Protein chains: 2
Amino acid sequence: MPNSEQGCGSPLELFHRIAAQGELVRGLKARNAAKDEIDLAVKMLLSLKTSYKAATGEDYNMDCPPRDPAPESGEGLAATDADEDFVDPWTVQTSSAKGVDYDKLIVRFGSSKIDKELVNRIERVTGQRPHRFLRRGIFFSHRDMHQILDAYENKKPFYLYTGRGPSSEAMHVGHLIPFIFTKWLQDVFNVPLVIQMTDDEKYLWKDLTLEQAYGYAVENAKDIIACGFDISKTFIFSDLDYMGMSPGFYKNVVKIQKHVTFNQVKGIFGFTDSDCIGKISFPAIQAAPSFSNSFPQIFRDRTDVQCLIPCAIDQDPYFRMTRDVAPRIGYPKPALLHSTFFPALQGAQTKMSASDPNSSIFLTDTAKQIKTKVNKHAFSGGRDTVEEHRQFGGNCDVDVSFMYLTFFLEDDDKLEQIRKDYTSGAMLTGELKQELIEVLQPLIAEHQARRKEVTDEIVKEFMTPRKLFYDFQ
Amino acid sequence: MPNSEQGCGSPLELFHRIAAQGELVRGLKARNAAKDEIDLAVKMLLSLKTSYKAATGEDYNMDCPPRDPAPESGEGLAATDADEDFVDPWTVQTSSAKGVDYDKLIVRFGSSKIDKELVNRIERVTGQRPHRFLRRGIFFSHRDMHQILDAYENKKPFYLYTGRGPSSEAMHVGHLIPFIFTKWLQDVFNVPLVIQMTDDEKYLWKDLTLEQAYGYAVENAKDIIACGFDISKTFIFSDLDYMGMSPGFYKNVVKIQKHVTFNQVKGIFGFTDSDCIGKISFPAIQAAPSFSNSFPQIFRDRTDVQCLIPCAIDQDPYFRMTRDVAPRIGYPKPALLHSTFFPALQGAQTKMSASDPNSSIFLTDTAKQIKTKVNKHAFSGGRDTVEEHRQFGGNCDVDVSFMYLTFFLEDDDKLEQIRKDYTSGAMLTGELKQELIEVLQPLIAEHQARRKEVTDEIVKEFMTPRKLFYDFQ
């Protein structure tokens, strides 16, 4: 899956995309194009207009383009707060130190909030305490999760699908979020899991050779395996490899490609005529694993096993497209669980990049590096002086160390205590950072120890198309 | 490979395509797009303008669209003769009873004429009498054939690649032309051959299920095998099948897809934004077999074995694109041998269609059907009355029976004698048709006999990825 690194969602850019999308819709109607094609284009137009209003505070008006405040300018930040969020598979942009406004995103994407009631139902149905990512709203949005729980209650089979775009060998703790959660889902539901390494996509988007992209896929697979997936229920595959090994995968890719037009991917992903045809057809390759007969070794020719996809919310456009196509090719729509984004050490509104070792904690960092990074680079919600801090307290909403603790500190009471103490000023920034360091150091050390255990043979087995053990009827 | 059945190349349509292509070029330059991208777009623009001049007799002028004479109107035919030819993978259109003007096509496509000197060199190098298709200019155009002959003289390996788009079970004699010639090439050069059945393409372009398209691929393969290919040197593959069986094919498809933009396929194939992303990315799939490492079972990881592609001239756009990409991904450009089109019984300017049983001789026709079709439907260059015919003679240039004889009657002297006698009027139309019937009846009967011999096991073996026997260094 792509990581959000390119593109731009400035108001002016949005203004132009809305104009283009508007023309598109008129063109489609003029040509009496297929209804679903028009519907999808209109849906996209509306969502762009919502983004535009969110970004500018005004309704789109084709006659007056917006002033285009640079998102990084303090003024823009102060003035518009969280209103400038832009999210697609290649761009996640917010000017708020608190990060993206996820409630707005749910409205814009048309997904559903993971509310207390759903979390409770998951607890009821599985008999397990909900994962902290659910308790704390880190997985905050879903599509059709109730269907999945119905299926589970009725002993109907389903499977899990997630993925990773192997853009480099370097993975940071943020990359583990979907996998930590997916492992929990596999444990509590005891279902098969497929993990797609989109090395073909990284080859298409980045300046990599096929060999490099595949090499990264295998290296990243080791870190994924180190999360503790059950080898008897988990299949990890590289697109470059699996396409040439599966009797079912390409057939589904072509089926999807027949039912998606360039107009649609243009609307959903903002592709242009200058993009290579590989990028243009790629969305079908990320969509195909949502359908069970893409894995005949696991599901034989069954097309009715529903799929649940845990992923970061920026991947949703791929699966909106997938859910649009599914009924037209006779397959069930995949269900989704969406996570928030993992903030960079420098703050929720800055981008993490594998090329900047200080932008996050990497899975290869030593205890000493972790300590230094947190102390030197973690954006603080503390006050300028100890005196002020004691008097006014710190701001957990923008403090990256605290945000990281919400991701990785299991103990709810302790987390709450820290929040209270830091907010009141009883806890100083140095002490807060110390708490995080003490959580991250063992976490990373244990990950590194487990990764060492992952031999080439184990990787090979995870990546071999094979029957998985599950008790489907 | 697609067969020319859709689209339209009328002057007005050309006028609009030139306008669009012009905008495209200006857009690319404005954006300082990659040089090769601009060059290709410009090349296409010029070729469209040449077609336009050929079709209208006037230079393109954006301010005055052409009157749009229906190509079938007698007036248009009389007035513009062969000047209205339009050829792309989906459209072959001419208003001349003599058929397309192939010398013009060579200029427009920028290929080279197969002249006497090349035919002589083929004879010298192979020590074999050139096939009648070469002696008679049925294979009339080439790209880099001299390179192939150099390679052969220097004992350097090369291989043959041709294909078929399995749009239905029904194949007519015209469909055999490339295969008859390819079998001859395999015999005289003793090289491996790969035959691509583009069932994925037919699924994308036509109202077929995957299963139907694949079924047609297997049925058509039987007729192809019946042409007598050497099973130890020939691999026939269905895209839908082989993509999921080959460690090399998809990797080359992605490589090609990374190096071709939508602008390029738009220019070359006339795709629009409403086309599905499957059509848009398909050209890479027809291109990939031009590179030897798409077949690791045959060539292992060798990327330097050059490819020679015998095909009808309407397939050239795919391979112009392939030759443009090849050097950029480090592969040799495929060489090509282009054939003329096989005329419909009703005349060279009408279209053959599998849905009209009377438009050609089908491989399933009985002796009686052949006799009736030729006598009833073969367009005649004869005169209205026997007296006129005796006096003025017939016209072989437009007589379909004579055209068919040039394709299938092996004896040059006899063919020349028939031409003389029919032109002088010594031979009557009935007698000419009788000659054709006597050639076609045994030809079809023998084909049917050989096809009966083709068991499912034989098809399975031809279509199994495997080592082929050849003596490459």
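This is a predicted model: local features need pLDDT of at least 70, side-chain atom pairs count only at pLDDT 80 or more; totals for chains, interfaces and linings use all residues.
Start with chain A. Seven strands form an open sheet here, with mixed pairing. Their order is β3-β4-β9-β8-β5-β6-β7. The edges are β3 (112–113) and β7 (234–238) of chain A, and each pairs on one side only. β7(A) pairs with strand β6 (residues 193–197) of chain A in the parallel sense, over five bridges. Within this pair, Q196(A) stands opposite F237(A) of β7(A).

Helix α4 (residues 102–109) of chain A touches β3 and β4 (139–143) of chain A. The direction of α4(A) makes about 10° with that of β4(A). Helix α7(A) also packs on the sheet. Its strand contacts are β4, β5 (158–164), β8 (306–312) and β9 (335–339) of chain A. The direction of α7(A) makes about 135° with that of β8(A).

Now turn to the helix partner of α7(A). The axes of helix α5 (residues 116–126) and helix α7 (residues 145–153), both of chain A, come within 11 Å. They cross at roughly 15°. Angles under 35 degrees count as roughly parallel, so α5(A) is roughly parallel to α7(A). The crossing is left-handed. From α5(A), the contact takes in E117(A), L118(A), R121(A), I122(A) and V125(A). They meet M145(A), H146(A), L149(A), D150(A), Y152(A) and E153(A) of α7(A). The residues of this contact divide into six nonpolar, one polar and four charged.

Move on to chain B. It holds an open sheet of seven strands with mixed pairing, in the order β3-β4-β9-β8-β5-β6-β7. β3(B) and strand β4 (residues 139–143) of chain B pair in the antiparallel sense over two bridges. S112(B) has H142(B) in β4(B) as its bridge partner.

Last comes the contact between the chains. The size of an interface is often given as the accessible area lost when the parts come together. Chain B and chain A bury about 3,200 Å² between them. Of that area, 61% lies on carbon and sulfur atoms. On the chain B side, Y250(B), K258(B) and I277(B) lose the most area to chain A. Together they account for 23% of what that side buries. The contact takes 40 residues from chain B and 40 residues from chain A.

Methods: Residues are numbered from 1 along each chain as its sequence is written. Chains are lettered from A and ligands numbered from 1 in the order in which they are written. Side-chain values use heavy atoms; hydrogens and water are left out. Axes are lines fitted to C-alpha atoms, for helices over the stretch in contact, and angles run from 0 to 180 degrees between N-to-C directions. Helices (H or I, at least four residues) and strands (E, at least two) are DSSP runs, numbered from the N terminus. Angles under 35 degrees count as roughly parallel, over 145 as roughly antiparallel, 65 to 115 as roughly perpendicular and the rest as oblique. A crossing is left-handed if the near helix is turned anticlockwise from the far one by less than a right angle, and right-handed if clockwise. Contact means heavy atoms within 4.5 Å. Ala, Val, Leu, Ile, Met, Phe, Trp, Tyr, Cys and Pro count as nonpolar, Asp, Glu, Lys and Arg as charged, and the others, Gly among them, as polar. Two strands pair if DSSP finds at least two bridges between them. Buried area is the accessible area (1.4 Å probe) that two parts lose on being put together, summed over both.
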